[in-house]
Amino acid sequence: MGETHIHYVDADETWKGRIAEEWSETAARHMHIADGFSILALSDGDPVGLISVYWRRLPAPLAHTVESYIDIIEVLAGFRRQGIATRMIELSIERAREQGAYQLRAWSSEDKVEAIPMWEALGFGLCPATTYPGGQAVKGYFVTRVLWREYPGRKEILA
């Protein structure tokens, strides 16, 4: 079996319909275009990975601070463990830095055991937490990577 070539593209509104048809309505609904960005991993023109990030202001007293939040990250089962999710996160870090976002954050449920080492390897801190979507308790982790360190009068980019 030959090596699969993956390339990455910025998704626009035209991709939402295809993602809805080929993946799910839920995945398409979580794609951000105007209020963030979505990146697709393509193999032979077909989407095999998706990451979508949106911008949001932090609450007071940090209301002047914008973060980037990963709303969805998915890689099709047959394409996992090939570095696709890692590359999409790296591209998202670059984009978030370009936009001046203070941090990149996401949620990972504890059943996503293969994701935890990836987040750690990419320099994300993990904070155990429980969320209650639809009233049902879901245990997992908020994952965060700070992108900028602010000092009086200047910002420093973090590696």
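User: Before the labels, what are the ground rules here?

Analyst: It's a predicted model, so local features need pLDDT of at least 70 and side-chain atom pairs count only at pLDDT 80 or more, while totals for chains, interfaces and linings use all residues. Residues are numbered from 1 along each chain as its sequence is written, and side-chain values use heavy atoms, with hydrogens and water left out.

User: Why is the Trp107 and Phe142 pair called edge-to-face?

Analyst: Rings of Phe, Tyr and Trp (its six-membered ring) pair if their centres lie within 6.5 Å; planes under 30 degrees apart are stacked, over 60 edge-to-face, and the rest tilted. By this rule the count comes to 4 aromatic pairs. In one of them, the centres of Trp107 and Phe142 are 5.0 Å apart and the planes sit at 65°, so the pair is edge-to-face. It also links distant parts of the chain: Trp107 is in strand β5 and Phe142 in strand β7 (residues 138-146), 35 residues apart. Helices (H or I, at least four residues) and strands (E, at least two) are DSSP runs, numbered from the N terminus.

User: What makes Trp107 and Phe142 partly exposed?

Analyst: Buried means under 20% relative accessible area, exposed over 50%, and partly exposed is in between (1.4 Å probe, protein chains only). Trp107 has 24%, so it is partly exposed, and Phe142, at 25%, counts as partly exposed too.

User: And what kind of pair do Trp119 and Phe124 form?

Analyst: Edge-to-face again, with 4.9 Å centre to centre and 70° between the planes. Here Trp119 is buried, and so is Phe124.

User: Which residues touch the most other members of the largest nonpolar core?

Analyst: Ile89, Leu104, Trp119 and Phe124, out of 27 residues. β2 (36-43), β3 (46-57), β4, α3, β5 and α4 each supply at least two residues of this core, and α3 has the largest share, with 7 residues. A nonpolar core is a set of buried Ala, Val, Leu, Ile, Met, Phe, Trp, Tyr and Cys residues joined through side-chain atoms within 4.5 Å.

User: How do you know that Arg56 sits over the ring of Tyr69?

Analyst: The test asks for NZ of Lys or CZ of Arg within 6 Å of the ring centre and within 35 degrees of the ring normal. The charged end of Arg56 is 4.2 Å from the centre of the Tyr69 ring and sits over it. Arg95 likewise lies over the face of Phe37, at 4.8 Å from the ring centre.

User: Is Tyr69 itself buried or exposed?

Analyst: Tyr69 has a relative accessible area of 10%, so it's buried. It's placed in strand β4.

User: What makes Asp44 and Arg81 exposed?

Analyst: Asp44 has 76% relative accessibility, so it counts as exposed; Arg81 has 81%, so it does as well. Asp44 lies in the loop between β2 and β3, and Arg81 in the loop between β4 and α3. Their backbones deserve a look: phi of Asp44 is near 55°, a positive value in a residue other than glycine, and Arg81 has a positive phi of about 65° although it isn't a glycine.

User: Where is the cis peptide bond?

Analyst: It joins Ala60 and Pro61, with omega about 10°. Pro61 is found in the loop between β3 and β4.

User: Which residues line it?

Analyst: There are 30 lining residues, with Ile73, Glu74, Lys112, Glu114 and Ala115 nearest the centre; lining means having an atom within 4 Å of a point. β4 gives the most, with 7 residues. The lining divides into 16 nonpolar, 8 polar and 6 charged.

Methods
1 Å grid on protein atoms, 1.4 Å probe; cavity = no way out; pocket = protein on both sides within 12 Å on 5 of 7 lines; lining within 4 Å. Nonpolar A, V, L, I, M, F, W, Y, C, P; charged D, E, K, R; others polar.
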